Amino acid sequence: MAVPAVSESNRDLFNQLIDHHIRFTLAKRRIELSRRDWYRATALVVRDMLVEKMLGTRARFERVGAKRLCYLSLEFLIGRSLENNLFNLGIIEVCRDFLGENGIDLQLLFDEEPDAALGNGGLGRLAACFLDSIATLNMPGYGYGINYEYGLFRQEMRDGHQIERPDSWQRETSPWLVERPEEVCLIPVYGRIEHRVDRRGEYNPAWVDWRMLAGVPSDLPIVGYGGRTVNFVRLYSARSSSEFDMQIFNAGDYMKAVEQKMVSETISKVLYPSDAVQAGRELRLLQEYFFVACAVRDIVRGFLRRGEDLTDFPARVAIQLNDTHPALAVAELMRLLIDEYELPWESAWEITRGTVAYTNHTLMPEALERWPIGLMERVVPRHLQIIYEINRRFMGQVAEVWPGDGERARRVSIVEEGHEGHIRMAHLAIVGSHSINGVSRLHSDLVKSRLVPDFYQLWPERFSNKTNGVTQRRWLLMANPGLAGLLDEAIGPGWATDLELLRGVEPFADDPSFQRRFAAIKRGNKERLARIVNRIAGVDVDPAGIFDVQAKRIHEYKRQLLMALGIVHEYLSLVEDGVEPPVPRAYLMAGKAAPGYWAAKMLIKLINNLGEVINNDARTRGLIKVAFLPDYRVSLAEKIIPAADISEQISTAGMEASGTGNMKFAMNGALTIGTLDGANIEIRDAVGAENIFIFGLTAEQIATLVAERGYHPLDYYDSDPRLMRVLDALASDRFCPSEPGLFRWIRDVLLNRDDYFLLADFASYIETQAAMAGEFMRPAQWNRKAILNVARIGIFSSDRTVAEYGREIWHLEPS
């Protein structure tokens with residue numbers, strides 16, 4: 001597999017640096033080193049190289065006066081860094097050889113590194129892919145987020161139930177983080193507004209009695225492929241302001257001083273605290289405000305240090321909001337410009353809207369954040385005041401465009417009236433941004449037609465689509481070295497930076513020799529995953545059969561339950577009807593459910609119970625296996641995705657914004673079974689309709705069904721004996737003999753509500769699954785389809801996505 005060239009000087013430098021860190025950082029002799037010590041010493045050597053290049057990168061960008069991107073995201077699902085950094089720097093073989101000479105297997109060191117628990121799902125992983133692409137494309141782009149002490153949670157299973165454990169990924173100080181205490185940001189919070197006038201008699205409110213938080217940044221270097229550009233993501237840890245604490249301490253209230261310090265530092269303690277109670281909601285709001293306030297202050301401060309004028313801010317800086325979590329950046333940038341730099345409102349607004357852009361990632365109402373006005377008044381009173389003024393002026397504009405249309409004004413208002421009253425953060429982001437984009441063609445159309453059609457009518461020029469992508473460096477070059485090596489032999493290594501070059505593989509799709517090698521690589525990946533499944537789930541799976549995988553966040557709209565219904569159908573067909581599947585099949589599921597999401601957690605319990613019954617039923621003779629793989633994370637995904645034969649992308653049409661797992665699986669030669677939802681549509685168009693398995697209702701058909709006849713799930717139950725048998729089996733105690741009635745709710749919910757149209761799509765789903773099994777029995781045809789998926793996936797590189805953002809939204813060029 002090709003990596004950038006390695007020089008002898010790199011080899012010598014590596015020797016010198018590792019000796020230095022063993023002796024002076026770890027303070028040990030080589031004979032005393034554990035595997036963990038070797039990992040830390042190696043990581044510190046790589047960090048030294050990254051820091052050197054990071055400083056050089058910043059100097060290069062500053063020399064040419066490059067515009068810079070600031071990417072604000074509450075999540076960055078980085079995963080492990082050592083292997084990725086070695087690949088991108090081009091020194092992985094140097095490192096492997098050096099450690100081998102010392103009796104150390106580099107592959108084992110990779111497993112010593114915990115996944116950086118800075119994100120949860122697709123949102124955070126997309127941000128990580130973008131950072132990789134930004135650096136690889138030599139763009140000046142920097143992430144901003146929170147340096148969480150604990151991730152979402154570490155998932156364990158107890159009697160089939162998800163158990164959440166603390167994910168303390170920083171038990172030891174991360175070797176990758178470069179702390180910057182001199183760049184601390186002091187952030188006011190709480191307090192009240194005093195209404196005053198200035199010496200000119202103009203209204204000049206004062207935010208008083210606030211409490212001060214300190215945001216201490218640490219930089220995580222992000223290296224592009226080839227090592228030329230090293231940017232960073234700046235992550236903030238919350239600390240209590242020492243000045244404010246000492247006033248309380250010196251006044252004699254020692255316990256209050258300590259308590260306040262602890263409360264302040266809770267802000268960066270854990271990713272996504274539960275918002276089921278008032279304290280959790282307040283902490284979530286504090287997190288979002290804290291991170292955008294630190295980011296905006298740091299961005300403006302850095303801009304002014306370069307001696308630039310604030311009127312040029314939009315020409316020199318682009319701020320991208322990754323979903324609605326950072327929407328308060330609009331109000332915070334306005335606050336800084338007005339309150340601290342004393343700009344007139346009109347000038348501040350022009351700068352803000354010219355700088356900020358917003359990516360929407362969801363059509364789900366619960367994900368479009370709304371904050372109670374009372375809570376915002378308590379936590380960020382000045383920002384609420386600014387939002388009211390933004391909305392007042394915006395409502396004036398709406399009245400000019402649509403005079404007398406009170407209903408439309410109510411729909412688009414940032415302030416949602418009602419008993420409690422809320423601030424609609426998506427509306428704030430839209431009003432305060434010069435660009436609003438969706439993340440797949442269908443999603444962007446639905447944003448314009450279903451989610452915010454009034455805003456689209458008002459500002460059609462601001463809306464665009466930027467279909468998501470993934471970095472091929474991590475998800476193919478690194479995760480699937482066997483396939484990467486085969487591609488290098490066939491077409492050369494250029495695809496690592498230009499994924500469209502994979503088109504050159506198309507002529508090999510019918511080549512028997514290439515097919516055999518391709519299949520052998522897949523088989524090797526499946527054998528590796530089979531060992532992992534046995535170790536972490538206690539289930540033996542047959543690598544000769546189909547590996548049918550659904551790995552993603554557990555949510556009802558993603559329809560893990562539909563996969564479960566299909567499993568029950570196949571099981572009952574085998575044990576009751578004697579209909580054997582044509583080939584053994586292992587159903588593998590992975591993903592985390594939010595701690596407070598009961599239905600999602602019960603879906604995990606259901607899959608585990610199905611496995612317990614099916615895997616131990618002698619009548620199946622190993623033809624069907626079911627396994628839930630706990631604690632899904634980036635490093636586990638890197639093992640699952642290259643081994644999958646079938647990729648389940650079966651969300652209800654019109655509900656998945658894009659998906660990126662679908663791209664990763666196809667890139668590694670899995671065939672997709674999916675609905676016409678999110679990026680599945682564009683994957684079908686790219687790989688060819690004959691090389692993907694599409695089923696189910698479209699978003700338009702669902703809308704028509706509901707509007708014209710209404711959706712009556714009971715009709716599907718009554719008319720399809722297969723479906724009736726499956727639901728009745730779940731309602732019985734067949735899969736929960738020791739917990740009677742445990743899954744009865746599933747039938748009740750599906751027959752009475754079925755919000756996600758599982759029953760409408762059931763027949764199409766199981767029939768498409770049967771067709772896939774038949775196709776798998778024809779290896780030449782199956783391998784041809786799989787190879788063409790790889791060959792035609794080039795458009796789904798995050799390099800393409802980032803280049804489009806740079807060209808059309810950020811106006812940012814490689815430097």
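What we have is a predicted model, in which local features need pLDDT of at least 70 and side-chain atom pairs count only at pLDDT 80 or more, while totals for chains, interfaces and linings use all residues. Residues are numbered from 1 along each chain as its sequence is written, and side-chain values use heavy atoms, with hydrogens and water left out.

I will begin with the sheet. Helices (H or I, at least four residues) and strands (E, at least two) are DSSP runs, numbered from the N terminus. Two strands count as paired if DSSP finds at least two bridges between them. The open sheet has 6 strands in the order 20-19-18-21-22-23, with parallel pairing. At its edges are strand 20 and strand 23 (693-694), each of which pairs on one side only. Helix 22 (residues 560-577) packs on this sheet, where it touches strand 18 (546-551), strand 19, strand 20 and strand 21 (646-649). The direction of helix 22 makes about 155° with that of strand 19; axes are lines fitted to C-alpha atoms, for helices over the stretch in contact, and angles run from 0 to 180 degrees between N-to-C directions.

Now to strand 20 itself. Strand 19 (residues 585-590) pairs with strand 20 in the parallel sense over 6 bridges, and Leu588 has Ala627 of strand 20 as its bridge partner. Together with helix 23 (residues 598-615), these two strands make a right-handed β-α-β unit. Right-handed means that, with the strands pointing away from the viewer, the path from the first strand over the helix to the second runs clockwise. Helix 23 lies across both strands, at about 145° to strand 20.

Is strand 20 buried or exposed? Buried means under 20% relative accessible area, exposed over 50%, and partly exposed in between (1.4 Å probe, protein chains only). In strand 20 (residues 624-629), 6 of the 6 residues are buried, so the strand is largely enclosed by the rest of the structure. Ile624, Val626 and Phe628 point one way, Lys625, Ala627 and Leu629 the other.

Next, the core. A nonpolar core is a set of buried Ala, Val, Leu, Ile, Met, Phe, Trp, Tyr and Cys residues joined through side-chain atoms within 4.5 Å. The largest one has 289 residues, and Leu72 and Trp810 touch the most other members. Helix 9 (residues 278-305) gives the largest share of this core, 14 residues.

Last, the charged pairs. A salt bridge is a side-chain nitrogen of Lys or Arg within 4 Å of a carboxyl oxygen of Asp or Glu, and the structure holds 71 of them. In one, Arg180 meets Asp219, with the closest N and O atoms 3.0 Å apart. That pair links distant parts of the chain, 39 residues apart: Arg180 is in the loop between strand 5 (178-179) and strand 6 (185-189), and Asp219 is in strand 9 (residues 211-223). Both residues are buried. They belong to a network of salt bridges that includes Glu183, Arg234 and Asp298.

Another salt bridge joins Glu340 and Arg335 (3.4 Å, N to O). Here Glu340 is partly exposed, at 37% relative accessibility, whereas Arg335 is buried, at 4%.

Technical notes: Contact = heavy atoms within 4.5 Å.
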